[in-house]
Amino acid sequence: MNGETTHTIAAVATGLPGAIGILRLSGPEAVTVAAQAFQAADGKTLAEHPPRKLVYGSLLGPQGKVIDQIVCTYSRGPASYTGEDTAELQCHGSPLVLQMGLETLFALGARPARPGEFTQRAFLNGRLDLTQAEAVVDLIDAQSREGVYQSAGQLAGVLSRRVEEIYLGLVDLMAHFHAVLDYPDEDIDPFKEEQMIQSMSRAERELEGLLATHRRGESLVNGLPCAIVGRPNAGKSSLLNALVGYDRAIVTDIPGTTRDTVEGRVRLGGVLLRLADTAGLRDSTDPIEQMGVERSRAAMEQAALILFLCDRSVPFLPEDAQLLTQAAACAPTVLVWNKSDLPPATAPGLPLPEGVRVVEISAKTGQGLDALEQTVADMAPHSNEESGALLTNARQADAAKRALESVRLARQGLELGYTPDAVLVDVENALSALGELAGRSVREDITARIFERFCVGK
């Protein structure tokens, strides 16, 4: 822990404006500073009241004058969020009152908190591991119910316990091996190579299962990547605008208007989608349009769900069928017949690739969007994992992947006849990677990047 964490920090912990505003302090002088800025109505000092009890009184401004009637509470470390002494002054939500209250706290010796510094101190003091700390900001930013459940579960330690179980299993493996070697005269069960292979195989399966949750977990936090594709002038930009609720993309009757991917986020059927309106898929001699087409194909290949848009009022051509087949090979696909408000030019009963669902809509009038919403909800990938047990970002996935690779190398080495002491080097590498995942040992620059995502006061 560096010297900065010995300072008492203060910040507004609530959004502005609001009915209630909270001034939060953490550090060795948190209670002392709060007590000087607060006058309890019963005449007692703040410290004369028991911890974690709301005390009614007055908040003092920079000149010692009363600026608000508030409640105040404090906690003593390590039994607090940050693991340090903390205090909260719960005021009315006036931005000016909160600013004047902060000025008082700074004048009394507190310094301004940096973004995420309260949670960073909780991590440094062992109150949270790194996956739980990441869950705090994911919970703040959550844009879907499932995202809330996932972040809340991760904050409660579900992912931490899953990682810890794998970690401790590998630690037990190494401890048993070293105990047999270092204490040959003790009554310790002999180490069997077959048991070692079984233990590593079990850890390998658990890590494979954990790593497989990454795409689902990341989509809950950031949105499921969903590409809107089709030929030019099928109404892709109109659909994007209809779903996000405003004119996110330019819409004209001129084919090829969209030259690049245009993104927008929307909740559809309870699923957070990261929509990408793509350039129309067609052959073109225009180099700029052709670059847009290439990006459209890349977006289709990276999507977890594809909305393949076709104009219902024009004939379905062989190139449409070819593009639809390509889309269905990339991800679950919905054939969206657009412009249902116009007379249809294609007869029903069109042969489709396996698994493709069909919905008729009018992006112009909104007809059929409720059916599209239900179809998306049905087709979105679901997980049987407990909420909070998913990997939600690239850092976590990278650590899990390195742990898996190391365990796999260890298991393969044993099967090839390598001596156990040589194989255990790979097990140590796996433990190191799992330690990074949870934050047992992680570089300072990585933790700095994580906490830069936070807002001040959290």
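Okay, let's start with helix α13, residues 394–415. It has 22 residues, and at 1.5 Å a residue it should span 32 Å; its end C-alpha atoms sit 31 Å apart, so the two figures agree. Keep in mind that this is a predicted model.

What about the ends of α13? At the start, Asn393 puts a side-chain oxygen within 3.1 Å of the backbone nitrogen of Arg395. After the helix comes Gly417, with a positive phi, near 100°.

Of its 458 residues, 48% are buried. If you take contacts between residues at least 6 apart in sequence, 67% of them join residues at least 24 apart.

Seven strands make an open, mixed sheet, and the order runs β3-β4-β5-β6-β2-β1-β7. Which strands are at the edges? Those are β3 (38–40) and β7 (111–112), each pairing on one side only.

Inside the sheet, look at β5, residues 66–75, and β6, residues 86–92: they're antiparallel, with five bridges between them. Cys72 stands opposite Leu89 of β6.

Two helices to point out here. Helix α2, residues 95–107, packs on the sheet and touches β1, β2, β4, β5, β6 and β7, with its direction at about 15° to that of β2. Helix α3, residues 117–124, packs on the sheet too, touching β1, β2 and β7, and its direction makes about 135° with that of β1.

That's it from me.

Definitions and conventions: Residues numbered from 1 in each chain as written. Predicted model: local features only at pLDDT ≥ 70, side-chain atom pairs only at ≥ 80, totals over all residues. Heavy atoms only, no water. Buried < 20%, exposed > 50% of the residue type's maximum accessible area, 1.4 Å probe, protein only. Contact = heavy atoms within 4.5 Å. Helix = DSSP H or I, 4+ residues; strand = E, 2+ residues; numbered from the N terminus. Expected span 1.5 Å × (residues − 1). Polar contact = N/O pair within 3.5 Å; in protein donor to acceptor, adjacent residues only side chain to side chain. Pairing = 2+ DSSP bridges. Axes fitted to C-alpha atoms, helices over the stretch in contact; angles between N-to-C directions.
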